[in-house]
Amino acid sequence: FDTNMSWSLDEVSRFTEIVSHDRTTVDVSLHPSEGDMNEVLAKCAWLKERGYKLIARLVGYPPLLDQAQRLRSLFEEAGLRFIVNPYQGEWQGREYPRDYTDAERRLIEGSCASLDPALAEDREQVEIAAHILRMHEQSPRGRLCRSGSLYARVMHDGLVYRCQPYESRGWETLGNLLDADFRLRGASMPCRSDLCEFEYKYLVATETVR
């Protein structure tokens, strides 16, 4: 469950009444320029005390990176997991994550210290961040991908796209999840995208379709 934790404490309390803690992970997106992080931390700690799993995320937007260490300390001292997710986009004429400096890359990679490598969920967080940092190095275009057969992007109205990059470009709808005859693709298909943050997970080995 994703939230910026802008709810009031009463709303957080109401959440605990209707959503079971034993099947829920709360992903908290941190926006230090838009809210009081101590208030966000207090709500997170309140949920943790009631058995919810939480992870606090800071997007590694370049102007925010100088706050990463402070926020990491703040949340980890409260026993909460913290991670910096690589930023994907432009800033001051530079393209990220490609143009992160070595020091910025080390900061992002080092932010995973509170995650437990023994847990599959935490290992996946580390893998995703590491992949995004290097995903500009090789295009997935033309390679066979399981998205559309193993994975799909489902929208609020039930419309299904093959994957997230396809959804953002309006490519290849698979139908509607609410239709009785909806089916995923029966086999892997070539990728049409030049970048994909999930390619490490869904590409088929190293096969390339010419």
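These legends describe close-up views of a predicted model. Local features need pLDDT of at least 70, side-chain atom pairs count only at pLDDT 80 or more, and totals for chains, interfaces and linings use all residues. Residues are numbered from 1 along each chain as its sequence is written, and side-chain values use heavy atoms, with hydrogens and water left out.

View 1. Four strands form an open sheet in the order β1-β2-β3-β4, with parallel pairing. Strands are DSSP runs of E of at least two residues, helices are runs of H or I of at least four, and both are numbered from the N terminus. Two strands pair if DSSP finds at least two bridges between them. β1 (2-3) and β4 stand at the edges. Each has a single partner strand, so one side of each lacks a neighbour in the sheet. Strand β3 (residues 53-60) runs parallel to β4, and 6 bridges join them. Within this pairing, Val59 has Asn85 of β4 as its bridge partner.

**View 2. Helices on the sheet.** Helix α3 (residues 68-77) lies across β3 and β4, at about 150° to β4. Helix α5 (residues 120-134) also packs on the sheet, where it touches β2 (25-29), β3 and β4. The direction of α5 makes about 25° with that of β4. Axes are lines fitted to C-alpha atoms, for helices over the stretch in contact, and angles run from 0 to 180 degrees between N-to-C directions.

**View 3. Phe82 in strand β4.** Phe82 sits in β4 (residues 81-86). Phe82 is buried, with a relative accessible area of 0%. Buried means under 20% relative accessible area, exposed over 50%, and partly exposed in between (1.4 Å probe, protein chains only). Beyond its neighbours within four places in sequence, Phe82 contacts residues including Leu30, Ala56, Leu58, Ala68, Leu71 and Phe75. Cys112 and Leu115 are also among them. Contact means heavy atoms within 4.5 Å. Leu54 is 28 residues from Phe82 in sequence, with 8.9 Å between their C-alpha atoms.

**View 4. Helix α1 against helix α2.** Two packed helices are described by the angle between their axes and the distance between the axes. Here α1 (residues 9-18) and α2 (residues 37-49) pack at about 25°, with axes 11 Å apart. That makes α1 roughly parallel to α2. Angles under 35 degrees count as roughly parallel, over 145 as roughly antiparallel, 65 to 115 as roughly perpendicular and the rest as oblique. From α1, the contact uses Leu9, Val12, Ser13, Phe15 and Thr16. From α2, it uses Lys43, Trp46 and Leu47.

View 5. The structure holds 0 disulfides. A disulfide is a pair of cysteine sulfur atoms within 2.5 Å. The closest cysteine sulfur to that of Cys145 is in Cys191, at 5.9 Å, too far for a bond. Cys163 is in no disulfide either, and its nearest cysteine sulfur, that of Cys196, is 5.6 Å away. Cys145 is buried, at 7% relative accessible area. Cys163 also counts as buried, at 7%.

**View 6. Backbone features in loops.** Most residues other than glycine have a negative phi, and most peptide bonds are trans. The peptide bond from Tyr96 to Pro97 is cis, with omega near 15°. Pro97 lies in the loop between β6 (94-96) and α4 (102-110). Gln92 has a positive phi, near 50°. Gln92 is in the loop between β5 (89-91) and β6, and is exposed at 65% relative accessible area. Glu172 has a positive phi too, near 45°. Glu172 falls between α6 (164-169) and β10 (173-176), in a loop, and is partly exposed at 22%.
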